[in-house]
Amino acid sequence: CKEGALHFWIRFSDVSALNDSVRVELGSGGTYDKEEVQWTLEKDAFTDGWNEITLLLSDGNQSKDGGINVSRVNWFRIYSKNKGNLVTIVDDIYMKY
C-alpha cells in the first residue's frame, strides 16, 4: 500500500488567483502535521476548470513522526494562500493500490 497513490479531481474557477503552490496532505494522525504525507503542487500544474491529480505516496514528504499509517487514514486537506477570489471544488477522492 505504501507504493499506492492518492487520486482526486480538483476544479479551480481562476488559477491566476492562486499564489505559488497548493499543498495536499493525507494523514492517519487525525490532524495536520501528525502521521502524514504531504505534496506541494506548483501553480503551473493547474488550469482553470477540472484537473485530474494522482500523487504517489512514495513521492510525498513524510512527517518526522514516521509518516502516514496507510491502514488508518483519517485526515485529508488541500490548502493554498490565494491572492483573490477563488472557487475550488474537490471530487472523486480515492486511494489506488
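Asp92 sits in strand 7, where strands (E, at least two residues) and helices (H or I, at least four) are DSSP runs numbered from the N terminus. The model is a predicted one, so to speak a calculation throughout: local features need pLDDT of at least 70, side-chain atom pairs count only at pLDDT 80 or more, and totals for chains, interfaces and linings use all residues. Residues are numbered from 1 along each chain as its sequence is written, and side-chain values use heavy atoms, with hydrogens and water left out.

Back to Asp92: its phi is positive, about 55°, although the residue is not a glycine. Asp92 counts as partly exposed because its relative accessibility is 40%; on this scale buried means under 20% relative accessible area, exposed means over 50%, and partly exposed is in between, with a 1.4 Å probe and protein chains only. Asp33 is another non-glycine residue with a positive phi, here about 60°. Asp33 belongs to the loop that runs between strand 2 (21-27) and strand 3 (36-42), and with 48% relative accessibility it is partly exposed.

Strand 7 (residues 88-96) also holds Ile89, which comes out as partly exposed at 39% relative accessibility. Together with Trp50 and Val87, Ile89 makes a nonpolar surface patch of about 280 Å². For such patches, residues need over 30% relative accessible area and no salt bridge; like charges are joined within 9 Å, and nonpolar side chains (Val, Leu, Ile, Met, Phe, Trp, Tyr) within 5 Å. A salt bridge here is a side-chain nitrogen of Lys or Arg within 4 Å of a carboxyl oxygen of Asp or Glu. The areas themselves come from the Shrake-Rupley method with a 1.4 Å probe, and for residues only the protein chains shown count as cover.

Trp9, in strand 1, brings several of these residues together. Leaving aside residues up to four places away in sequence, Trp9 touches Trp50, Asn51, Glu52, Ile89, Val90, Asp91 and Asp92, a contact being heavy atoms within 4.5 Å. The C-alpha atoms of Trp9 and Trp50 are 6.5 Å apart, although 41 residues separate the two along the chain. Trp9 is itself partly exposed, its relative accessible area being 29%.

As for aromatic pairs, a search of the whole structure turns up 2; ring centres of Phe, Tyr and Trp (its six-membered ring) must lie within 6.5 Å, with planes under 30 degrees apart called stacked, over 60 edge-to-face and the rest tilted. Phe8 and Phe76 make an edge-to-face pair, 5.8 Å centre to centre with 70° between the planes. This pair links distant parts of the chain, since Phe8 is in strand 1 (residues 5-12) and Phe76 in strand 6, 68 residues apart. Phe8 is buried at 1% relative accessibility, while Phe76, at 30%, is partly exposed. Phe12 and Phe46 are also edge-to-face, at 4.9 Å centre to centre and 70° between the planes. Phe12 lies in strand 1 and Phe46 in the loop between strand 3 and strand 4 (49-56), so this pair ties together parts 34 residues apart in sequence. Both Phe12 and Phe46 are buried.

Four strands form an open, antiparallel-paired sheet in the order 5-3-2-6, where pairing takes at least two DSSP bridges between two strands. Strand 5 (61-62) and strand 6 (75-79) are the edges, each pairing on one side only. Strands 3 and 5 run antiparallel and are joined by 2 bridges; Gln38 has Asn61 of strand 5 as its bridge partner.
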